[in-house]
Amino acid sequence: MTWCVYMAIAISTFGGLLFGYDTGVAGGAAGFVADDYGLSSFMEGVVVSSSLLGGAIGAMSGGPLGDRFGRRPVLLMSGLLFAFGALLSAAAPGLTVLLVARVVLGAGVGAASVLVPVYIAELAPARIRGALVSGFQLLTTLGIVLAYGVNALFGDSQAWRWSLGPAAVPGLLMAGGVLLVPESPRWLVARGRPDTARALLRKVRAQEDVEDELRDIEAVHEREAHTGGGWRDLRTAWVRPMVLTGVLVAFFANGCGINLVIYFAPQILQSAGMGSSSSLLATVGLGAVNVLFTVVGMALVDRVGRRPLLLTGAVGMTLTLAALAG
């Protein structure tokens, strides 16, 4: 771990902060937007979920763009899109502009959420890669707590524009910081620039002998180039179970309803009898618990493995969501 790796990880994980802030701020601000514009519950949901539409667009395009142009340019674009969308959301003169702004903002979040873990994984030392990639999730939970705090701060005045606008700050920090970090050595090898990759590895590893790691990267690239690396490969017998498992884990981790709780925590607490301001303040506790157990997960992921944590988390979410519904 060199200063170069620390800086790259710190700056790139601002992408998690973007994701978390938008997730946390959306539910609280949407209630105030609904009051100002006289929106139905359905349209309030549309305001919140419009950023997810943009997120899907950004996620689908972020990977191919990152492969073609490099990780840094796309991360730079992600930060700028998010900052622009946040400022436009805060200044929106009407509902249509607000929805467009949230789609743009979501596109930046989606691209960052795809590329940040990839970039960290390609730059981090293998022995602590799991924990460092988990840093994206930690910054996401910190962003949620920060957003809950901002919502609570402006809860009495219902100044939703002041809740949405500050999201531009982490976007600009990520965009500016990306200019200071190196490109991924794996991407450089894939683009036929092994000498540049070698020099970069020497810098980020602080050692002259990086030939073993460079050979590993080149071997992976050659294997992918030989097999074609196309969509057809996903249907091969030995790959299919991994793809199916990965897709289903990602789908059910979100589709189980936990995101609904995070997005609409203030409304859920209000329906349980809390006032508007107290419900916004209570969500900070939810966010704090989220951060705490993300740290626990980061400490355990490289010790006990991914599968036990996934199973434990799945059981915990099932029981607690059932209790919440009851």
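Reader: Among contacts in the protein chain between residues at least 6 apart in sequence, what share joins residues at least 24 apart?
Author: In this predicted model, 77% of the contacts between residues at least 6 apart in sequence join residues that are at least 24 apart.

Reader: And how many helices and strands does the secondary structure come to?
Author: The protein chain has 16 helices and 0 strands.

Reader: Switching to helix packing, at what angle do α3 and α4 pack?
Author: Helix α3, residues 41-69, and helix α4, residues 71-91, pack at an angle of about 135 degrees, and their axes are 7 Å apart. The two helices are therefore oblique to each other, since angles count as roughly antiparallel when they are over 145 degrees.

Reader: Which residues meet there?
Author: From α3 the residues are G62, L65, G66, D67 and F69, and they meet R71, P73, V74 and M77 in α4. By type, the residues of this contact divide into 5 nonpolar, 2 polar and 2 charged.

Reader: Now R102: where is it, and is it buried or exposed?
Author: R102 has its place in helix α5, residues 95-123, and R102 is buried, with a relative accessible area of 2%.

Reader: Which backbone oxygens does the side chain of R102 reach?
Author: A polar atom of the R102 side chain lies 2.7 Å from the backbone oxygen of V47, and the side chain of R102 also reaches the backbone oxygen of V48, at 3.3 Å.

Reader: What else is R102 in contact with, leaving aside its neighbours within four places in sequence?
Author: With those neighbours set aside, R102 is in contact with D22, A26, V47, V48, S50, S51, S89 and L164.

Reader: One more residue, T283: which helix is it found in, and is it buried or exposed?
Author: T283 is found in helix α15, which covers residues 276-304, and T283 is buried, with a relative accessible area of 1%.

Reader: How far is T283 from P266, in sequence and in space?
Author: T283 and P266 are 17 residues apart in sequence, while their C-alpha atoms are 6.6 Å apart in space. Not counting residues up to four places away in sequence, T283 touches Y148, A265, P266 and L269.

Definitions and conventions. Residues are numbered from 1 along each chain as its sequence is written. This is a predicted model: local features need pLDDT of at least 70, side-chain atom pairs count only at pLDDT 80 or more; totals for chains, interfaces and linings use all residues. Side-chain values use heavy atoms; hydrogens and water are left out. Axes are lines fitted to C-alpha atoms, for helices over the stretch in contact, and angles run from 0 to 180 degrees between N-to-C directions. Helices (H or I, at least four residues) and strands (E, at least two) are DSSP runs, numbered from the N terminus. Angles under 35 degrees count as roughly parallel, over 145 as roughly antiparallel, 65 to 115 as roughly perpendicular and the rest as oblique. Contact means heavy atoms within 4.5 Å. Ala, Val, Leu, Ile, Met, Phe, Trp, Tyr, Cys and Pro count as nonpolar, Asp, Glu, Lys and Arg as charged, and the others, Gly among them, as polar. Buried means under 20% relative accessible area, exposed over 50%, partly exposed in between (1.4 Å probe, protein chains only). A polar contact is a pair of N or O atoms within 3.5 Å; within protein, one must be able to donate a hydrogen and the other to accept it, and residues adjacent in sequence count only if both atoms are side-chain atoms.
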